[in-house]
Amino acid sequence: MDARAREAAEGTSGPGLPLAVRELLAGGVAGGVAKTAVAPLERVKILFQTRRAEFRGSGLIGSFRTIYRTEGLLGFYRGNGASVARIVPYAALHYMAYEEYRRWIILGFPNVEQGPVLDLVAGSIAGGTAVICTYPLDLVRTKLAYQVKGAVNVGFRESKPSEQVYKGIMDCVKTIYRQNGLKGIYRGMAPSLYGIFPYSGLKFYFYEKMKSHVPEEHRKDIIAKLGCGSVAGLLGQTITYPLDVVRRQMQVQALSSSSLVGRGTFESLVMIAKQQGWRQLFSGLSINYLKVRYFLKFI
């Protein structure tokens, strides 16, 4: 057995950290770099989804100009710290929960077929667990990104002098908890949970469908897998995207003139379609396509 195989078998990397921990940390660093690279696009997408008054009809370039004019270069990264802070705990919880749920299902149902359906079910439940445990950071990310520093001073139409301005991640969490308790910390989580299973199923289906069209000799290539995975994820996101819009609007309802207060997920979905138009349910989706397009150019 060579050193690499022995390392994997023992679960350690020499005298240092266990291999799984090193991989998790490396993935966290890579994920943080990737999140930061697309942070300007993500912030604009959130502003589109939540219908921030200053950015309606501005388009991507116009929104970039507005952010730069009112907040400077750092404005493009508002809320990105919370997004990056969520990467490692989310990935760790997802991985550990997946292994546990998969084991429990096999122990509870000994005759269950160990294949893609089992992986899909265990993965979806694990994803839900990771979302529940790390959701407060997602909420903070949205609330910080929604704030437009200096909006009151430049006379934007719907800006309110009394609008809460959070100073950072901890200040945001403390303020939300003080004002609304635990319920406020988890406001908007339901749409995320509703979307996990259909998104996972659709992504898996599209991935396998596209992979079947790849020549046999290239199916194990990392480039083919990345390409199929990216496009499959995008197609899954497209179909479940309205739930993401509902989640974002629920998250910022205390900061906006939203009429979704006290509404459930599907009632909010219908209300957004009626009051804001069905196009709003897909507002910002083109930014996801833009990110995948440039990703595919580099692989």
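This report walks through a predicted model of a protein chain, with a focus on one of its helices.

## The overall picture

Let's start with the whole chain. Of the 299 residues in the protein chain, 42% are buried.

## A bent helix, α9

Now look at helix α9, which covers residues 222-251. If a helix of 30 residues were straight, it would span 44 Å, yet α9 spans only 37 Å between its end C-alpha atoms. Where does α9 bend? Find T240: the helix bends there by about 60°. A proline, P242, follows within four residues.

Because 22 of its 30 residues are buried, α9 is largely enclosed by the rest of the structure.

## Where α3 meets α9

Two packed helices are described by the angle between their axes and the distance between the axes. For helix α3 (residues 39-49) and α9, the axes come within 9 Å and cross at roughly 80°.

Which residues touch? From α3 come K45, I46 and Q49, and they meet Y241, D244, V245, R248 and Q249 of α9. This contact brings together three nonpolar, two polar and three charged residues.

Terms used
Residues numbered from 1 in each chain as written. Predicted model: local features only at pLDDT ≥ 70, side-chain atom pairs only at ≥ 80, totals over all residues. Heavy atoms only, no water. Helix = DSSP H or I, 4+ residues; strand = E, 2+ residues; numbered from the N terminus. Expected span 1.5 Å × (residues − 1). Bend = angle between axes of the 7 residues up to and from the residue. Buried < 20%, exposed > 50% of the residue type's maximum accessible area, 1.4 Å probe, protein only. Axes fitted to C-alpha atoms, helices over the stretch in contact; angles between N-to-C directions. Contact = heavy atoms within 4.5 Å. Nonpolar A, V, L, I, M, F, W, Y, C, P; charged D, E, K, R; others polar.
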